[in-house]
Amino acid sequence: MWESESESVVGRDYGNGVLSSSKHGVKTDGFELRGQSWYVATDIPSDLLVQIGVVYFHLHKYPLLSRCGKMNRLIYESRDPDLSKIALDDLPGGAEAFELVAKFCYGIAVDLTAANISGLRCAAEYLEMTEDLEEGNLIFKTEAFLSYVVLSSWRDSILVLKSCEKLSPWAENLQIVRRCSESIAWKACANPKGIRWAYTGKPPMIDSSPSRNQLVPPDWWFEDVSILRIDHFVRVITAIKVKGMRFDLIGASIMHYAAKWLPGLIKDSAGSADDGSNSSNSSSSSWKGGLHMIVAGTKDDPSSVHAKDQRMIIESLISIIPPQKDSVSCSFLLHLLRMANMLKVAPALVTELEKRVGMQFEQATLPDLLIPSYNKSETLFDVDLVQRLLEHFLVQEQTETSSPSRQSLSDQRGTNPNAKMRVARLVDSYLTEVSRDRNLSLTKFQVLAEALPESARTCDDGLYRAIDSYLKAHPSLTEHERKRLCRVMDCQKLSIDACMHAAQNERLPLRVVVQVLFSEQVKISNAIANGSMKEAGEAQYQLMIPNRKTLLEATPQSFQEGWNAAKKDINTLKFELETVKTKYLELQNDMENLQRQFDKMINKKQTSAWSSGWKKLSKFTKITTIENHDIGNHSQVPAATIDQNRKTPRRWRNSIS
């Protein structure tokens with residue numbers, strides 16, 4: 001793709017990649033290499049020795065002085081007319097670039113390629129080969145080749161940018177890096193339809209005829225760009241962002257680069273990354289693996305140098321990740337965070353990375369969260385890190401909920417409203433895994449378990465597993481600490497299986513077991529009150545199956561095996577539970593019988609006291625009746641007089657009142 005003109009056009013002054021100078025003072029048939037020294041094939045003896053490193057060039061003064069301004073200054077400013085030796089150890093491009101410069105000065109044809117043009121351009125600038133000394137000098141011709149050939153070719157732009165790694169800071173000052181980066185960005189963002197498939201990362205397709213209308217994948221440029229050094233890769237990605245590339249493609253290219261240069265970062269992509277690197281190495285011999293970094297000092301341990309290189313890569317990748325939520329996967333961010341903590345990346349970048357993980361925390365998986373503690377902590381896993389990630393997630397959720405515009409934007413992106421439930425299951429599984437660590441304090445366990453709101457958990461079976469696992473690993477907890485641990489769990493949110501397991505769990509406090517049995521009894525009573533036992537059981541069973549499947553998928557394999565082993569005892573526990581219920585009913589009947597007998601005894605005592613009182617009252621009533629009978633027989637008072645006597649006291653009472 002983006003085929004170079006140097007590959008297809010022949011006969012142009014610089015298009016065919018050949019440089020020559022018609023003006024030269026010494027006729028020669030070429031250069032000869034003898035050991036570490038170059039000699040000019042001519043009968044005239046050389047009068048100038050140029051040393052570059054361990055390589056020597058036996059040349060003549062006139063061809064070099066006529067085209068190199070720096071040579072003029074070195075010779076004439078030395079005040080030694082017989083100066084015959086010059087050392088140019090700081091020449092960019094080294095001996096290879098100076099060989100091409102010397103050939104150009106002697107009028108020998110020089111083949112310009114993407115591999116040597118950047119070194120030759122920097123060497124020409126260093127030697128001051130300007131137009132003031134000769135028209136069509138080396139600076140002009142190399143600049144023309146860069147502008148008209150290299151920058152119009154995708155392949156050549158990549159190769160030139162790769163060759164600039166050893167030319168700092170000359171390549172930066174001459175704007176070669178900037179121009180190549182912008183050229184690559186423009187071609188990556190352009191529509192490649194109808195352009196021949198000839199990019200450098202993969203071999204050309206067998207059938208490349210334009211009439212086939214081949215579909216070009218959107219990630220066609222990933223492998224090409226991934227061969228660049230990290231600083232040049234950052235320049236290219238920054239330029240691509242400015243051009244308006246989709247953020248998901250930019251994120252995918254960053255993940256592809258990380259998989260290639262950070263081995264072990266993404267385990268699932270390790271094989272594909274290795275395959276890609278092998279194919280790139282086989283397609284171009286000039287692309288060799290390894291990171292070429294300039295590190296100060298030569299006595300550093302190779303492992304420490306490698307750590308510095310990887311730290312630089314991680315810090316650079318964090319700084320260029322697009323700010324959009326789903327630009328990269330949460331798994332990639334967590335793997336990057338693991339390596340950042342291990343290599344002690346700058347704290348500000350680690351905090352930024354933690355916030356990015358919090359934005360996508362519901363997409364995380366349990367293996368990704370099991371990040372070891374690298375800060376000499378007592379715990380095996382970094383529980384504090386997961387606590388911070390959870391806090392960032394809750395802050396993000398609260399921000400999106402409180403802001404209507406962000407909430408509508410999140411709905412358009414397809415955000416699942418059950419994110420908190422998924423995070424709750426993830427946290428419960430994480431607690432189950434880390435609870436086996438004997439150094440995990442009860443406070444850290446409790447704080448992480450209570451970080452989520454109660455509405456995030458519809459079922460506390462996962463939390464019960466974590467509590468039971470913690471109790472197994474910490475048998476020395478006091479009764480008060482056990483009660484404190486169990487407070488994070490709601491017994492009313494346990495399923496039937498969890499309730500039966502908890503009822504027989506000797507590690508739980510007795511009060512918690514009673515609460516579990518009571519909540520189960522309430523559920524049974526409500527089921528009986530709402531309908532028949534069969535219908536309630538079927539409905540509860542239908543609701544229980546998906547919950548159990550979802551919970552088991554989120555639990556680690558080791559605990560699932562233990563849970564399966566516990567299921568074997570469930571049938572026996574069911575029978576024992578039914579026996580306990582029967583005995584409970586029998587005890588309840590016995591208690592009711594005892595209550596009745598107790599009531600009878602109380603009633604007997606009350607009846608004897610009242611009967612004696614009634615006997616006395618009956619005797620008094622009989623005496624009063626006899627007296628009234630006698631008075632009636634002797635006086636024979638009229639009925640009207642009797643009624644009047646009865647009413648008089650009543651009037652008297654009324655008047656007094």
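Q: Which residue lies over the face of Y126, and what makes that a charge over a ring?
A: K70 does, at 4.8 Å from the ring centre. The rule asks for NZ of Lys or CZ of Arg within 6 Å of the ring centre and within 35 degrees of the ring normal. R34 is placed over the face of Y39 too, at 4.4 Å from the ring centre.

Q: Before we go on, what kind of model is this?
A: It is a predicted model, where local features need pLDDT of at least 70, side-chain atom pairs count only at pLDDT 80 or more, and totals for chains, interfaces and linings use all residues. Residues are numbered from 1 along each chain as its sequence is written, and side-chain values use heavy atoms, with hydrogens and water left out.

Q: What makes F233 and Y257 a stacked pair?
A: Rings of Phe, Tyr and Trp (its six-membered ring) pair if their centres lie within 6.5 Å; planes under 30 degrees apart count as stacked, over 60 as edge-to-face and the rest as tilted. Here the centres are 4.1 Å apart and the planes are at 15°, so the pair is stacked. F233 sits in helix α11 (residues 230-243) and Y257 in helix α12 (residues 247-261), so parts 24 residues apart in sequence are tied together. Helices are DSSP runs (H or I, at least four residues), as are strands (E, at least two), numbered from the N terminus.

Q: How do you know that F233 and Y257 are buried?
A: Buried means under 20% relative accessible area, exposed over 50%, and partly exposed in between (1.4 Å probe, protein chains only). F233 has 1% relative accessibility, so it counts as buried, and Y257, at 0%, is buried as well.

Q: How many aromatic pairs does a search of the whole structure find?
A: Ten. One of them joins F31 and Y106, and it is edge-to-face: 5.6 Å centre to centre, with 85° between the planes. F31 is in strand β2 (residues 31-34) and Y106 in the loop between α4 and β7 (110-111), so this pair links parts 75 residues apart in sequence.

Q: Why is the link between D468 and R507 called a salt bridge?
A: A salt bridge is a side-chain nitrogen of Lys or Arg within 4 Å of a carboxyl oxygen of Asp or Glu. The closest N and O atoms of D468 and R507 are 2.9 Å apart. D468 is buried at 3%, whereas R507, at 29%, counts as partly exposed.

Q: How many salt bridges does this rule give?
A: The count comes to 22. Among them, K162 and E165 meet at 3.2 Å, N to O. K162 is buried, with a relative accessible area of 12%, and E165 is buried at 6%. There is also a network of salt bridges linking R121, E125, E143 and R179.

Q: What is the nearest side chain of opposite charge to D382, and why is there no salt bridge?
A: R388 is the nearest, 4.8 Å away, and a salt bridge needs a distance within 4 Å, so D382 has none. For charge, Lys and Arg count as positive and Asp and Glu as negative, while His and the chain ends are not counted. The side chain of D382 does reach the backbone nitrogen of L385, at 3.2 Å.

Technical notes:
A polar contact is a pair of N or O atoms within 3.5 Å; within protein, one must be able to donate a hydrogen and the other to accept it, and residues adjacent in sequence count only if both atoms are side-chain atoms.
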